[in-house]
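This briefing presents selected features of the structure shown below, grouped by topic.

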Amino acid sequence: MGKRGTKAPFQVLDLYPNCGTYHPGQRSVIHAQLCNHSAEPLPVTGTLQLMRLGSVVQALPVAIQLPPRSDASAEWVIPLPADDFQGYGVDLTTTAGDYTGQASTALDVVSHWALAPRYGFLSDFNPDAPDASTVARELAKFHLTCVQFYDWMYRHYQFLPPEPEFTDPLGRRLSLHTVQERIHACQQHNMAALAYGAAYGAEPEFLKTHQDWGLFDAEGKPISLAELFYAMNLTPGHPWTQHILGQYQEAARLGFDGIHLDQYGFAKESCASDGSLVNLASCFPALINSAAARVRQVRPDAGIIFNCVNNWPVHTVANTDQEAVYIEVWPPHDRYRDLAELIRRGRELAKGKQVILAAYLGFLKEPRQEQRATTGALLTSAAIAACGGFHLLVGEQRGILTEGYYVRHATMQPALYAALRRHYDFITRYQDLLADPALEDLSTSHIGGINEEFRLEGAEHSPMALPGTVWTILRRRPGQVMLHLINLRGLTDTLWNSPQPLPRPMALTLLLPRVPEVRTVSAASPEQPRLMSLATEAAGRHLRVRLPELRLWTMVLIETSS
């Protein structure tokens, strides 16, 4: 994505695919926005390449006539391969006279969004909200595969409103027509639309007429979230459970592709109206499984995501009939290493499902130092992606989540927007190298400490994400080893919800084992997304590789004989 004001005769202002993701064999449309800075018409030629790792899959010729001193657009249609769960780079090289420009984006091919759940959000359903197709197109630039419709409904206990326009419990004016337009627009861009739905929350007027459906504390008082939403009894077969399952079906009938089941993280153990003990951790699995079955009666491909607030109760719900493990992160999970452990444990319990972290960046509400705020956001993004997780962060109108009430999201500053676009491009381009459930983690067994299979020279490093070091994350699958280097040099702490200083770039040398046989070594980063081939030289029982300068996050890809 370019920025106006260059001295070049022309520039590519933006390059992006028309959809958030693609199904195997589908066609992609790649859009480019260009600007001619010269006073004369400008013929631009070049090549658009679809890349799979370091190989060119397709190459299309580029020939564009740019009118003088104006913007122009171009598009190319690319038939995509049928291979599932594959990421691709899209690289545009353009030439006019002696000037050559380059731009990149990415796309991926997945048969179902849950294979790569790049999750975003919508929260504005006002009757006068911005055009739905424009909003969806902007979301798709981040390659989102699924979008949460946050607080779209009339009430937590009654999703559909009595009239098309209505006021929600917190006084917002909403429109069911706006909701439906956004569902359709997301689906047109291959992004699944998931309806937010609380598992056990109901407004005060509902509790007033259903006292025996509530949950109560040891003093017999109704349990609530700020007396706005009251906890209901989720025991299997209880009237509330049957009622809320019916609401999930209503959302599916409206057109949603699934339900985002929310809970509040408290009332872990409480009392029913008759005084009997209710343990929510043991109730949630049945609710999730029943919800999945109910929505699939309406839409066979519909699915469920359930919110494990602060990782609770992941041990009981990870292996239920949900599409991914979703964890809303709060203290004491404060550091980058905590994010890595949440992802590791979630992947272990879920047995093949992906892990999504809702890690809200509160420091972006009012960023006082834009560079530090941008760096903090990018480090958290890199930490989650390099460990194989997905991050619920971006949404409508360049929104970014800073707290649990999504309506109060912040707006990305231009520098952060451009940098996160590059990160999402990179994550999508190499999605299977990052998030293949079959990846084996070697971070603490093959590099750092007493481990000498892989060695890094030029800076102190650690797999434990320590401040002042290079964080090493080492993962492999048959024939490929991925070493992620995240630069924490200059940091005095590793708090993920905190602005951070820009780390000092550095030159590093990697020593890697010669067994199994190393075929190629290459490296890429969000700033330089195309894999760069690296030379190796023998160094005893190791091979020595000089790496490109590490700025924030670099991935080294080692392809081996097995």
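Leaving aside neighbours within four places in sequence, Ser 533 is in contact (heavy atoms within 4.5 Å) with Val 521 and Ser 522. The model is predicted: local features need pLDDT of at least 70 and side-chain atom pairs count only at pLDDT 80 or more, while totals for chains, interfaces and linings use all residues. Residues are numbered from 1 along each chain as its sequence is written, and side-chain values use heavy atoms, with hydrogens and water left out.

- Ser 533 counts as exposed because its relative accessibility is 64%; exposed means over 50% relative accessible area, buried under 20% and partly exposed in between, with a 1.4 Å probe and protein chains only.
- Ser 533 and Leu 547 are separated by 14 residues in sequence and by 10.0 Å in space, C-alpha to C-alpha.
- His 542, in strand 35 (residues 542-546), has 4% relative accessibility and therefore counts as buried.
- Apart from neighbours within four places in sequence, the contacts of His 542 include Glu 452, Glu 453, Arg 455 and Glu 537.

**Helix packing**

- Helix 1 (residues 132-140) packs against helix 2 (residues 176-188) at an angle of about 40°, with the axes 9 Å apart; axes are lines fitted to C-alpha atoms, for helices over the stretch in contact, and angles run from 0 to 180 degrees between N-to-C directions.
- That angle makes helix 1 oblique to helix 2, since angles under 35 degrees count as roughly parallel, over 145 as roughly antiparallel, 65 to 115 as roughly perpendicular and the rest as oblique.
- Ala 132, Ser 133, Val 135 and Ala 136 of helix 1 meet Glu 181, Arg 182, Ala 185 and Cys 186 of helix 2.
- By class, this contact of helix 1 with helix 2 has five nonpolar, one polar and two charged residues.
- Helix 4 (residues 239-254) and helix 5 (residues 280-298) pack at about 35°, with their axes 9 Å apart.

**Nonpolar cores**

- The largest nonpolar core has 152 residues, and Phe 149, Trp 152 and Tyr 248 have the most contacts inside it; such a core is a set of buried Ala, Val, Leu, Ile, Met, Phe, Trp, Tyr and Cys residues joined through side-chain atoms within 4.5 Å.
- Another core, of 28 residues, lies apart from the largest one and includes Tyr 22, Leu 50, Ala 72 and Tyr 88.

Terms used
Helix = DSSP H or I, 4+ residues; strand = E, 2+ residues; numbered from the N terminus. Nonpolar A, V, L, I, M, F, W, Y, C, P; charged D, E, K, R; others polar.
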